[in-house]
Amino acid sequence: MTLHAPDFTKFQLDRYSRQLRLDGFGLEGQRRLRDAHVAISRGGGVGGTVASHLAMAGVGHLTVAHGGEIVPEYLNRMLLASPKDVGRPCVDAFADSLARINPDVQVTTYPEYVTDDNVRRIVGDADLIADGAPLFEERYALNKAAVELGRPLVSGAMYDTEGYITTVQPGRTACLSCIYPTKPPYWTDIKVFPAMSTAPGMVGAVMAMEVIKVLTGFAEPLNNQLMFFDLRTNVSRLLKVARRPDCTACSHLDNNDV
Amino acid sequence: MPKILVPTIMRKHTANNSSVEVDGSTVSEAIDNLTVTYPAVGELLRGSDGRLRAYVNVFVNGDDIRGLDGEQTGLTARDELLVLPAMAGG
């Protein structure tokens, strides 16, 4: 089947030809991805996998926020970093990798971690927020911003060989604060969790699919569902979650505030 | 007996068992019996007031117990509990 679309080059149509054949996706889905802007908190094991898949899929604009410089310890799980990047600002290495994957994607970088103070500046222009941050403080800041801005949030986390992914549609589905109202005291810093590339890679891939679903209307997002898996035991479960009437972040929204 | 799936962060307290069968006709009883066998789990799951910690979610056959009868949710021998403390690795 030869596709003709004046708003895509022949190379782009060839490049995306396999995904254009997905039932329910097609050219309209591709256009929606091309016209979308996704902000991703951190480009590490989870966020970098999200960014890689979204660049391959053809999302038009990616914003990546990540402070610091590449250190050797990152290289067991970060797809967007290589040994020659050690010592470089993380976001520079990530931007170079994303440009290699798909030069058609506009990449905006912020060499800083998300905080309550900067979150609006980083995600304010995005159509969707993807949360791959390794600290609850960042995750809560992103969740709060998503709720206040009325933007969908795809949130994914890992620990050891486990993964946890959900999609937040503010006012309609459980937000991160509905699921985790308080931060656990054992999560003190980034060094608390063991990781190899497989679990964050799987979390990031599921998250990217969620982003694509929400942006294009294709397939079924994890609305009010928490996907859980453990690669040690090969257990996976789709868990039902619900909004909390007393949620500090989203309880003021009614079901139509989307 | 109901089965409790043990997440990786708790396994150092359950002799590395990834699932444990426990007696109990309610979620509360099952968790109590788990903590009798593995006392260190209790501190992770319950606060000093005896209530489940807010950052711990408990699911029975995939349903959040907050949408059921909380810790008084009834259990049968075939039921599966999943106890999930919050994680944020990225």
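# Questions on a predicted model

Visitor: Where is the place of B:Ala15 in chain B?
Guide: This is a predicted model, and B:Ala15 belongs to its chain B.

Visitor: Is B:Ala15 buried or exposed?
Guide: Residues over 50% relative accessible area count as exposed. B:Ala15 has 61% relative accessibility. So B:Ala15 counts as exposed.

Visitor: What is the phi of B:Ala15?
Guide: Most residues other than glycine have a negative phi. B:Ala15 is not a glycine, yet its phi is positive. The value is about 55°.

Visitor: Which loop holds A:Asn224?
Guide: A:Asn224 has a positive phi of about 55°, although it is not a glycine. At 26% relative accessibility, A:Asn224 counts as partly exposed. A:Asn224 lies in chain A, in the loop between H9 and strand S7 (225-230).

Visitor: How far apart are the end C-alpha atoms of helix H5 of chain A?
Guide: H5 covers residues 90-101 of chain A, which makes 12 residues. At 1.5 Å a residue, the helix should span 16 Å. The distance between its end C-alpha atoms agrees with that: 17 Å.

Visitor: Within what arc do the buried residues of H5(A) fall?
Guide: The buried residues of H5(A) are A:Cys90, A:Val91, A:Ala93, A:Phe94, A:Ser97 and A:Leu98. Seen down the helix axis, they line one face. That is so because they fall within an arc of 155°.

Visitor: What do the buried residues of H5(A) pack against?
Guide: One partner is a helix of chain A, H4 (47-57). The other partners are strands of chain A. They are strand S2 (61-65) and strand S3 (106-110).

Visitor: Which residues does A:Ser97 touch, not counting residues up to four places away in sequence?
Guide: A:Ser97 is found in helix H5 of chain A. With a relative accessible area of 8%, A:Ser97 is buried. Its contacts on that count are A:Leu80 and A:Ala81.

Visitor: How far apart in space are A:Pro89 and A:Gly67?
Guide: A:Pro89 is found in the loop between S2 and H5 of chain A. A:Pro89 touches A:Gly68 and A:Glu69, leaving out residues up to four places away in sequence. A:Gly67 is 22 residues away from A:Pro89 in sequence. C-alpha to C-alpha, A:Pro89 and A:Gly67 are separated by 7.5 Å.

Visitor: How many residues of H4(A) are buried?
Guide: H4(A) is largely enclosed by the rest of the structure. Its buried residues include A:Gly47, A:Val50, A:Leu54 and A:Ala57. Of the 11 residues of H4(A), the number buried is 9.

Visitor: Which residue just after H4(A) takes a positive phi?
Guide: The residue comes just after the helix. Its phi is about 100°. The residue is A:Gly58.

Visitor: Which strand gives the most to the lining of the largest pocket?
Guide: The largest pocket holds about 350 Å³ of space. Its lining has 15 residues, and among those nearest its centre are B:Arg51 and B:Arg66. The strand that gives the most provides 3 residues, and it is S3 (residues 56-60) of chain B.

Visitor: How much space lies in the largest cavity?
Guide: The whole structure has 3 cavities of 30 Å³ or more. The lining of the largest cavity includes A:Arg42, A:His66, A:Phe193 and B:Gly90. The space in the largest cavity is about 80 Å³.

Note on methods
Residues numbered from 1 in each chain as written. Chains lettered and ligands numbered in written order. Predicted model: local features only at pLDDT ≥ 70, side-chain atom pairs only at ≥ 80, totals over all residues. Heavy atoms only, no water. Helix = DSSP H or I, 4+ residues; strand = E, 2+ residues; numbered from the N terminus. Expected span 1.5 Å × (residues − 1). Buried < 20%, exposed > 50% of the residue type's maximum accessible area, 1.4 Å probe, protein only. Arc of directions from axis to C-beta. Contact = heavy atoms within 4.5 Å. 1 Å grid on protein atoms, 1.4 Å probe; cavity = no way out; pocket = protein on both sides within 12 Å on 5 of 7 lines; lining within 4 Å. Points joined across faces, edges and corners; volume = space filled by probe spheres on them.
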